[in-house]
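Okay, thanks for coming, everyone. Let me put the structure up, and then I'll talk you through it.

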Amino acid sequence: MKFAVIITLKKDVLDPQGKVIEQTLQSMGVNSLKNLRQGKYIELELNETDEKKAHNSIEDMCKKLLVNLIIEEYKIKKI
Amino acid sequence: MNSSVIVFPGSNCDRDVATALTKLQFKNKMVWHKDNVLPKSDLIVIPGGFSYGDYLRSGAIAAKSNILKEVVKAANSGCLVLGICNGFQILIETGLLQGALLRNKNLKFISKDVHLKIINNNNNFCKKYKKNNIINLNIAHNEGNYFTKKDHLKELEDKDLIAFKYCNKDGLVNESTNPNGSISNIAGILNNKKNILGMMPHPERMVDNLISNSDGVELFTSILN
């Protein structure tokens with residue numbers, strides 16, 4: 001079973017990399033761009049057939065290592 | 001006094017710290033990250049560098065290493081722990097110190113000498129300095145932008161847990177004298193018990209007038225006494 005974890009900085013945390021990407025796109029003429037935040041994408045494959053159990057196990061991994069909950073938030077998606 | 005310097009793959013200030021400690025009469029041992037036993041230590045130093053190549057987040061992987069479990073136990077029972085640069089990042093990732101170290105505001109790796117104001121000298125690491133003294137230490141980091149929640153910042157201020165703040169040579173602390181965007185110009189913080197200090201600047205680089213200055217000496221001699 002494969003999952004993706006998407007990690008981004010929380011809204012109230014300054015994202016200087018995202019800001020620079022946003023400004024560069026805007027300077028390239030992308031006038032419709034309103035806001036941009038960048039983050040990390042992690043793919044995981046689990047030896048697990050129960051989706052709920054797999055999900056819980058990834059939650060645990062996020063809390064223990066993958067995500068710094070002080071500054072980051074995450075979404076888990078089945079892929 | 002016995003000291004231990006923890007070495008990870010990617011540490012690069014471990015020898016500098018060891019040299020400074022030995023020069024200042026510590027009996028120092030180097031401890032590999034895979035070790036499960038910590039030598040008897042009065043001081044543990046987690047040095048600067050790029051442990052595990054800064055993978056995932058600076059300090060995140062090192063914080064889960066074997067020896068760190070022992071460091072956390074020792075710290076909780078009162079042993080002095082000093083985390084410098086990547087060592088500060090590792091202490092944050094273990095939860096021994098709170099907050100986060102984000103990428104520098106200007107997105108650049110900053111390597112330069114900066115001025116620091118001694119905010120709290122009433123602790124084992126800074127007692128040889130005078131309060132509000134200005135010292136000059138080197139910083140060299142990409143993720144030194146200290147961030148914490150408002151209520152924790154208030155706690156740091158109320159309990160006098162901020163050890164150093166970035167300033168200019170006259171002691172001015174504001175945005176113009178903040179090299180990396182740290183909240184309130186914070187360069188180093190203590191835990192509640194004041195036995196753990198995390199700092200981005202490198203005191204070990206400033207212990208010899210021949211190659212730099214000696215502003216870092218008092219930090220180590222404070223620990224000795």
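Before anything else, one term: when I say that residues pack or touch, I mean contact, so heavy atoms within 4.5 Å. And keep in mind that this is a predicted model.

Let's start in chain B, with helix 5, residues 217–224. Is that helix enclosed or exposed? Well, six of its eight residues are buried, so the rest of the structure largely encloses it. The buried ones are B:V217, B:L219, B:F220, B:T221, B:S222 and B:I223. What do they pack against? Quite a list, all from chain B: helix 1 (14–23), plus strand 3 (43–46), strand 4 (80–84), strand 9 (162–167) and strand 11 (196–199).

Now the cores. The largest nonpolar core has 67 residues, and the members touching the most others in it are B:L82 and B:F164. Which element gives the most to this core? That's helix 2 of chain B, residues 66–76, with five residues. Then, apart from that one, there's another core of 12 residues, and among them are A:V5, A:I42, A:A54 and A:C62.

You'll find it in helix 2 of chain A. Its relative accessible area is 0%, so A:C62 counts as buried. Leaving aside residues up to four places away in sequence, A:C62 touches A:V5, A:V67 and A:Y74.

Okay, on to the interface. On the chain A side, 16 residues are in contact with 13 residues of chain B. The buried area is about 1300 Å², and carbon and sulfur atoms give 69% of that. Which three residues of chain A supply more of its buried area than any other three? They're A:P16, A:L65 and A:I70, which supply 36% of what chain A buries against chain B.

As for the polar side of things, there are five residue pairs in polar contact between the chains, counting pairs with both residues at pLDDT 80 or more. We also get one salt bridge between chain A and chain B. That's B:R57 with A:E72, with the closest N and O atoms 3.8 Å apart. On chain A, helix 1 (16–27), strand 2 (39–45) and helix 2 (51–66) each supply at least two residues of the side touching chain B. By type, the residues on that side split into 10 nonpolar, two polar and four charged.

That's my tour, so over to you.

How values were computed
Residues numbered from 1 in each chain as written. Chains lettered and ligands numbered in written order. Predicted model: local features only at pLDDT ≥ 70, side-chain atom pairs only at ≥ 80, totals over all residues. Heavy atoms only, no water. Buried area = accessible area lost by both parts, 1.4 Å probe. Salt bridge = Lys/Arg side-chain N within 4 Å of Asp/Glu carboxyl O. Polar contact = N/O pair within 3.5 Å; in protein donor to acceptor, adjacent residues only side chain to side chain. Helix = DSSP H or I, 4+ residues; strand = E, 2+ residues; numbered from the N terminus. Nonpolar A, V, L, I, M, F, W, Y, C, P; charged D, E, K, R; others polar. Buried < 20%, exposed > 50% of the residue type's maximum accessible area, 1.4 Å probe, protein only. Core = buried A, V, L, I, M, F, W, Y, C linked by side-chain atoms within 4.5 Å.
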